[in-house]
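Welcome, and please open the model in your viewer. We will go from stop to stop, selecting a few residues each time.

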Amino acid sequence: QQVGFDVRPVQTYKQELALLNREQENNYRLWKQTGDLKYKEAFDTAGTSVKSLTREMKSYMLASGQAETAMGAFARRAYSHAQWIVSGAALSAAIVGPTLLIDKLSELEQEFNQLKTVIPEIHEDQTKYNQAMQDAFGLAERYGTKIKDVTDSLRLMGRGYHELSTTEKLAENALKLSVADNFSPEVATKALEAVIGGYNEQAHAVQFSARVMDSMTSISHNAQVSANDLAEALMRSAAAAHTVGVGFDELSAMSATIARNTGLTGQTIGDGLKSMLNSIHTDKAIKDLQAFGVEVYKVGEDGKKEFRSISDVLLDVGTKAETSGVNIEKLFKDLSGGKFQVTKMAALLGDPDEYLRVLGKSINSTGFTDKQLAIQMDTIARKAETLKTSFENLANSMGNQSGFAHAIKGILD
């Protein structure tokens with residue numbers, strides 16, 4: 001009121017928000033006590049109303065011009081009295097609660113400014129920069145993640161692609177993967193980045209990342225390997241697999257089969273697979289395979305001799321190993337690249353049925369992630385994170401569009 005701001009809509013907003021929060025708490029308590037789903041539905045409805053109310057308040061503040069009046073007057077008053085920190089906290093609390101604080105504005109500004117270093121078009125165009133901020137908040141709200149997780153993913157992907165639309169789509173797939181499988185967004189982003197690069201699919205990065213995303217989600221839900229371990233294994237072995245002609249689905253099935261039969265970490269499995277794949281075409285391994293009765297070569301369509309699919313070769317080895325009755329330790333050692341990888345090779349070749357089962361899950365995984373997202377998003381944690389992000393979005397928009405952030409910079413200067 002002292003700076004000429006009409007506080008009546010704000011007071012109404014605060015009252016409605018408090019009422020909805022109490023309603024949510026009460027319905028959540030009753031749902032946990034009774035297990036009655038009608039209380040859960042009421043809890044969800046109240047949460048939706050909170051987000052809608054926040055959006056309406058943001059639109060009102062910006063459309064009416066009162067945000068600019070209030071923030072501008074506040075900045076002048078803060079400067080003259082040198083009390084901007086205390087006053088800022090008070091005004092923030094009056095408008096949108098404790099998230100609209102100077103340190104939050106500073107943190108958000110730093111996150112988004114880092115994107116400018118990897119995506120030139122938002123550095124050169126303020127309109128695109130503003131749109132990128134809104135898109136980032138939209139992703140965070142849609143998938144119930146922290147805004148920092150979104151900006152980190154955008155920055156990691158932006159280093160390789162430097163184009164906003166592609167970067168946003170790749171980051172979205174990484175976020176979907178992390179939410180559906182409930183693991184680190186950073187690891188999900190790095191896994192997609194590594195697999196795309198390992199298989200030289202940069203030209204079709206968005207489509208290929210969607211395929212990798214669905215495969216990983218399907219395997220982590222249908223095989224005995226966590227998404228995190230699968231990601232770590234793929235990051236370390238994708239490039240080697242591509243070099244010797246092992247497809248992504250085959251590599252994923254190999255990783256999951258070894259994980260199931262050894263309980264090893266994804267990092268160890270990935271390093272082991274890389275060693276195996278680098279060794280299987282050596283002269284020593286080829287000689288051992290032929291001595292074991294497994295064909296290594298075939299005649300290609302052009303009439304020239306070429307290597308058979310490594311997956312087919314390994315399946316033949318696994319099948320013959322079960323019935324041959326001979327000592328295959330030396331064969332496994334030469335195929336796997338040394339005695340330290342023999343256990344992993346044995347785990348893979350000793351369970352061909354599991355390998356083929358998981359291979360099928362990977363090949364037929366299209367759309368699997370979206371189905372799992374619906375389940376993961378219907379949780380208290382994700383809904384709470386979405387609500388928190390909505391407040392941060394409101395804080396960021398009001399701080400920048402009203403001129404408040406600019407005024408603070410002037411005061412600090």
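On this tour, a residue is called buried when its relative accessible area is under 20%. Keep in mind that the model is predicted.

Start by selecting residues 227–243, which make up helix α12. Now centre the view on S237, where α12 has a kink of about 50°. S237 is also one of the buried residues of this helix, along with others including A227, L230, E232 and A241.

What lies over these buried residues? Show α9 (164–181), α10 (185–198), α11 (205–222), α13 (248–262) and α14 (266–279), which are among the elements covering them. Just past the end of α12, click on G245 to find a positive phi of about 85°.

Next come the aromatic rings: the whole structure holds five aromatic pairs. Select Y199 and F248, whose ring centres are 6.4 Å apart with planes at 90°, so this pair is edge-to-face. Y199 sits in the loop between α10 and α11, while F248 belongs to helix α13, 49 residues away. Together, Y199, F208 and F248 form one aromatic cluster. Y199 is buried at 7% relative accessibility, F248 at 2% and F208 at 6%.

For the last stops, select K116, whose charged end sits over the ring of Y129, 4.3 Å from its centre. Then try K305: its charged end sits over the ring of Y297, 4.4 Å from the ring centre.

Definitions and conventions:
Residues numbered from 1 in each chain as written. Predicted model: local features only at pLDDT ≥ 70, side-chain atom pairs only at ≥ 80, totals over all residues. Heavy atoms only, no water. Helix = DSSP H or I, 4+ residues; strand = E, 2+ residues; numbered from the N terminus. Expected span 1.5 Å × (residues − 1). Bend = angle between axes of the 7 residues up to and from the residue. Buried < 20%, exposed > 50% of the residue type's maximum accessible area, 1.4 Å probe, protein only. Contact = heavy atoms within 4.5 Å. Phe/Tyr/Trp six-rings, centres within 6.5 Å; stacked < 30°, edge-to-face > 60°. Lys NZ or Arg CZ within 6 Å of the ring centre and 35° of its normal.
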